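Let's learn to read a protein model together, moving from the whole chain to its strands and then to its pocket. Have the structure open as you follow along.

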Amino acid sequence: MDFHTARALLEWQMELGADEAIGERPVNRYEVPAAVAKPMVAALETARPIPAEVDPVRAAETAATAADSLEALAGAQRAFDLCELKKGARNFVFADGNPQARVMIIGEAPGRDEDIEGLPFVGRAGQLLDRMFAAIGLARSAAHAKEALYITNVLPWRPPSNRDPEPAEIAMMLPFLQRHVELAGPDLIVLMGNTPCAAALGRKGILRLRGHWAEAFGKPAMPMTHPAYLLRNPVAKREAWADLLAVKARLKEAQ
Ligand code: URA
């Protein structure tokens with residue numbers, strides 16, 4: 001194992017809460033001594049029926065469709081145990097802002113700050129997102145639907161070290177996202193970056209998709225570059241401003 005891999009693994013363990021090394025040598029707790037392996041496996045097989053394979057996407061669909069309010073949906077998603085990301089996350093991150101808002105923003109997944117606070121888009125990228133939408137008169141804290149924002153992510157749990165979400169994780173959370181949009185009922189959706197475009201449109205390539213209206217979950221959807229990208233590439237803010245103006249114009253048209 002090279003230095004960087006070993007360091008990344010150690011950091012991951014520290015994020016999970018490990019704060020002490022308690023042995024000099026690694027222990028493989030999955031290893032079964034050869035002498036007992038066969039009888040033990042046989043005993044386990046007779047003692048416990050092997051559970052039928054659970055399809056996580058079907059399980060998510062069943063849980064999501066049964067939810068008849070945003071509170072019920074949050075409860076069902078929080079209780080969903082088939083996504084491995086849940087095990088490594090500190091907090092479940094469902095949504096923030098005003099569920100009555102005409103505009104619903106869908107981001108990728110919680111990062112470090114969101115995982116700590118349990119709310120979406122509260123770190124540096126989130127602060128930029130707030131400033132961007134304030135420039136067109138929208139805020140997550142607004143009480144009135146016309147000036148409000150409702151914000152969620154494709155994934156409610158932080159991926160380890162902020163890695164890209166796996167297609168299987170996106171597929172598993174998609175029924176919850178679809179139901180989330182149905183229950184919130186926004187007039188339009190903003191897809192922030194590649195992951196929500198992959199989830200909602202089945203397409204990637206945000207630099208080509210941005211600025212063009214699409215349809216997601218039966219609603220008009222504007223793909224935009226993610227604020228984290230804008231922090232790294234400030235020149236792209238000009239295009240993001242054009243996209244924000246397109247959102248503003250569409251809201252005005254649909255009034
Ligand atoms: N990036 C996202 O896509 N969502 C968050 O909540 C935070 C950062």
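This is a predicted model: local features need pLDDT of at least 70, side-chain atom pairs count only at pLDDT 80 or more; totals for chains, interfaces and linings use all residues.

Q: How many helices and strands does the protein chain have?

A: There are 12 helices and six strands. Of the chain's 255 residues, 40% count as buried. Contacts tell you about the fold too: among those between residues at least 6 apart in sequence, 72% join residues at least 24 apart. The chain exposes about 15000 Å², and carbon and sulfur atoms supply 53% of that area.

Q: Why is strand 4 described as largely enclosed by the rest of the structure?

A: Begin with the general idea: side chains in a regular strand alternate between the two faces of the sheet. So check each face in turn. On one side of strand 4 you find Leu-188, Val-190 and Met-192, on the other Ile-189 and Leu-191, and all of them are buried. With five of its five residues buried, strand 4 (residues 188-192) is therefore largely enclosed by the rest of the structure.

Q: Which strands pair with strand 4, and in what sense?

A: Strand 2 (residues 103-107) pairs with strand 4 in the parallel sense over four bridges. Within that pairing, Val-103 stands opposite Leu-188, while Met-104 has Ile-189 as its bridge partner. Strand 6 (residues 219-224) also runs parallel to strand 4, again with four bridges; here Val-190 stands opposite Met-222.

Q: And strand 2: which way do its residues point?

A: Val-103, Ile-105 and Gly-107 point one way, Met-104 and Ile-106 the other, and all are buried. Because five of its five residues are buried, strand 2 is also largely enclosed by the rest of the structure. Strand 2 is joined in parallel to strand 3 (residues 149-153) by five bridges, with Gly-107 opposite Asn-153.

Q: Back to the pocket: what is its volume, and which residues lie nearest its centre?

A: The largest pocket has a volume of about 740 Å³. Its lining comprises 33 residues, and Glu-108, Ala-109, His-226, Ala-228 and Arg-232 lie nearest the centre. Elements giving two or more residues to this lining include helix 6 (112-117), helix 7 (124-134) and helix 11 (227-232). Sorted by class, the lining has 14 nonpolar, 10 polar and nine charged residues.

How values were computed. Residues are numbered from 1 along each chain as its sequence is written. Side-chain values use heavy atoms; hydrogens and water are left out. On a 1 Å grid over the protein atoms alone, a cavity is a set of points where a 1.4 Å probe fits but cannot get out, and a pocket is an open set with protein on both sides within 12 Å along at least five of seven lines; lining residues have an atom within 4 Å of a point. Grid points are joined across faces, edges and corners, and a volume is the space filled by probe spheres set on the points. Ala, Val, Leu, Ile, Met, Phe, Trp, Tyr, Cys and Pro count as nonpolar, Asp, Glu, Lys and Arg as charged, and the others, Gly among them, as polar. Buried means under 20% relative accessible area, exposed over 50%, partly exposed in between (1.4 Å probe, protein chains only). Contact means heavy atoms within 4.5 Å. Accessible areas come from the Shrake-Rupley method with a 1.4 Å probe; for residues, only the protein chains shown count as cover. Two strands pair if DSSP finds at least two bridges between them.
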